[in-house]
Amino acid sequence: MFGQHLSHIVALTTDHLGEADGLLTLRLDDTPIRLPGPLAAVLQRLIAERPRYG
């Protein structure tokens, strides 16, 4: 996340997340970045617990 503009970070959505080799990744531009375990766990929990609309 270092070196990224704040406006780009706040615009991230769950579409920027992916999985590779069983690990959570974050795609910034064209490059997926493997997230460390503690951060991946927090993001997976937030995704699972987010409110459902519609």
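This is a short chat about reading the fold of one predicted protein model.

Reader: Before we start, what should I know about the numbering and the model?

Author: Residues are numbered from 1 along each chain as its sequence is written. As this is a predicted model, local features need pLDDT of at least 70, side-chain atom pairs count only at pLDDT 80 or more, totals for chains, interfaces and linings use all residues, and side-chain values use heavy atoms, leaving out hydrogens and water.

Reader: How many helices and strands does the chain have?

Author: Helices (H or I, at least four residues) and strands (E, at least two) are DSSP runs, numbered from the N terminus. Here you get 2 helices and 3 strands, and along the sequence they follow the pattern α-β-β-β-α.

Reader: What order do the strands take in the sheet?

Author: Strands of a sheet pair through backbone hydrogen bonds, either parallel or antiparallel. Two strands count as paired if DSSP finds at least two bridges between them. In this chain, the open sheet of 3 strands has the order β1-β2-β3, with antiparallel pairing. At the edges sit β1 (17–20) and β3 (31–34), each pairing on one side only.

Reader: How many bridges join β2 to β3?

Author: There are 4 bridges between these antiparallel strands. Look at arginine 27, too: it stands opposite proline 32 in β3. The hairpin of β2 and β3 has 2 residues between the strands, and aspartate 29 there takes a positive phi near 65 degrees.

Reader: Which residues make up the largest nonpolar core?

Author: A nonpolar core is a set of buried Ala, Val, Leu, Ile, Met, Phe, Trp, Tyr and Cys residues joined through side-chain atoms within 4.5 Å. Buried means under 20% relative accessible area, exposed over 50%, partly exposed in between (1.4 Å probe, protein chains only). The largest one here has 5 residues: Leu24, Leu26, Leu28, Leu35 and Ala40. Strand β2 (residues 23–28) gives the most to this core, with 3 residues.

Reader: What does alanine 40 touch?

Author: Contact means heavy atoms within 4.5 Å. Leaving aside residues up to four places away in sequence, alanine 40 touches Leu24 and Leu35.

Reader: And how much of the chain is buried?

Author: Buried residues make up 11% of the 54 residues in the chain.
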